[in-house]
Amino acid sequence: MLFVDDLGYGDLGFTGHPTTETPNIDRLAKNGKILTTWYSGCPVCSGSRSALMTGRQYTRVGIPGVFGPTSMTGIPDNETTVAEQLKKAGYATGIMGKWHLGQREMFLPSKHGFDKYLGIPYSDDMGEAKVIPCNGEDDIGREEIDIDITDATHHYQSAGFYDGLSEPFKKSDPAARHLPLLYQSGNITKVIQQPINFLELADRYAEFVTDFISENKKDPFFLYMPFSHVHTTAVNQPEMQYASCAFQNTTKRGRFGDALAEADYIVGQAIKALKEHNLEENTLILFSSDNGPWMARGKSAGSPGVLYGRSSGYWNVGKGSTWEGGIREPAFAYWPGIIRPHTRSSEVVSSLDLLPTLSALANVALPNVTIDGHDMSQILFDTGKSKHEHLFFYGAGFCNGPRRGIKGPTAVRTGKYKAHFCTAPGLGGCDGCQVKYYDPPLLFNIEEDPSEAYPIVSNGSDPIIDIVIKDIQVALEREIDTFVYGHLTPPKPLPSEIYHGNVYYGVCCDRSRDCNCDQGIGA
């Protein structure tokens with residue numbers, strides 16, 4: 001499962017970007033089935049990953065939307081992940097990249113079904129990385145910037161993506177200042193670097209995934225690759241983006257394009273390993289993104305492409321909103337000999353569908369809980385229809401943040417229609433943007449109008465539209481009446497989280513060195 005961070009619908013070659021250079025990703029898409037209507041389970045990071053891993057709405061799990069680097073809570077023990085499902089069928093499981101479902105020991109991948117892990121446990125901007133110049137360029141001075149590590153958390157808090165138990169960035173905990181690279185294997189957990197060196201990250205990731213494929217070439221395996229790329233970084237990195245020296249200044253799209261090209265390189269290395277071990281024709285590859293682009297970050301972030309929410313009246317319709325640009329993602333499925341090449345489907349699928357789909361393929365019974373996703377095998381392998389009669393979207397942050405007026409989903413997709421019960425700008429807001437509530441809902445024929453430019457007016461002249469709106473209203477009432485929200489309870493501090501009488505939850509290489517160190521392992 002390839003899962004790129006903050007990638008927009010308009011960012012890739014196969015979705016029409018004119019200067020992006022992603023040949024490996026585009027080749028897989030071309031030779032597989034492009035899924036034009038893949039929706040994320042949440043318009044921000046942790047919620048979307050929870051939906052992908054559990055097949056359940058993130059609000060049902062209790063995830064607040066985003067965890068910070070010193071959060072007290074994380075994914076609960078009683079939730080079953082895709083990795084835990086596939087372990088039941090004898091799969092080896094590995095994860096490379098951004099986990100972001102809790103950084104405390106009990107929330108990390110090794111406690112939730114993964115045999116091995118290498119990655120940054122949360123977002124790239126939740127701490128400083130090293131600043132090292134390439135070819136003698138003088139970027140060292142950027143290290144002296146007084147970084148406000150509360151900047152990102154302010155945006156999440158103001159949009160309602162934190163709750164009282166998800167501790168904000170703590171200036172008192174140096175772990176929140178220095179971005180870590182973490183490694184897990186079995187019961188071993190080590191901090192490889194802190195602060196991380198972005199110049200080495202792509203090669204480390206590539207080595208990890210190729211080694212994992214080689215080590216498990218004779219057995220079934222699940223490799224989850226939630227990239228740290230292309231999320232923006234802390235402000236000490238040039239233009240808030242990163243790539244190794246081999247990729248810097250190599251694309252026409254600036255530093256964002258360089259970062260995306262580097263992610264494409266990692267994908268290429270994984271495919272090369274599959275081919276070397278004659279595994280390509282026995283491997284299903286899925287690709288998507290966790291949420292739309294963080295448009296408030298300008299050229300350092302991605303593009304929603306055609307999904308521009310044109311009727312909104314503002315430009316910020318990406319990450320953090322439930323406009324199409326915030327939740328509809330580029331996606332494809334690839335499996336030589338099984339999935340017909342050069343095909344596409346516009347059927348509605350979702351990150352929520354990963355767990356039930358892979359469970360069905362591995363012949364593993366679903367967990368005995370409410371699963372919001374559906375098995376999408378017939379869409380991937382044939383010409384099947386979507387099983388989502390009403391796919392509800394939670395998480396237009398400004399609609400249901402502190403003191404906001406809505407409890408429940410903010411939008412729904414049903415057939416060719418999408419309805420909004422509330423609209424709001426994406427993360428970071430924008431001058432003059434307004435939060436709006438709708439009764440009856442704001443309706444679009446999203447098949448004809450993916451940019452949400454032309455609302456359908458219900459004035460009684462079209463009985464079909466009246467029926468659609470009534471159906472949506474009944475479905476919303478049922479959803480609100482029956483939906484059970486999850487609640488997270490922070491576990492007690494572990495002995496390893498207590499230092500000189502104080503409790504610290506951040507990932508730290510060495511408290512005596514204020515989490516600023518660099519130690520290696522043989523991996």
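Predicted model: local features only at pLDDT ≥ 70, side-chain atom pairs only at ≥ 80, totals over all residues.
1. Residues are numbered from 1 along each chain as its sequence is written, and side-chain values use heavy atoms, with hydrogens and water left out.

2. Start with α12, residues 463-482. Its 20 residues should span 28 Å at 1.5 Å a residue, and the end C-alpha atoms sit 29 Å apart, which agrees. (The expected span is 1.5 Å times one less than the number of residues; helices are DSSP runs of H or I, at least four residues, and strands are runs of E, at least two, numbered from the N terminus.)

3. Which residues of α12 are buried? They are Ile465, Val468, Ile469, Ile472, Ala475, Leu476 and Glu479 (buried is under 20% relative accessible area, exposed over 50%, with a 1.4 Å probe and protein chains only). Down the helix axis they fall within an arc of 130°, so they line one face of α12 (the arc uses directions from the axis to the C-beta atoms).

4. On the other side of α12, Pro463, Ile467, Lys470, Glu477, Asp481 and Thr482 are exposed.

5. The cover over the buried residues of α12 includes β14 (391-393), β15 (411-414), β16 (417-423) and β17 (436-445).

Conventions: Contact = heavy atoms within 4.5 Å.
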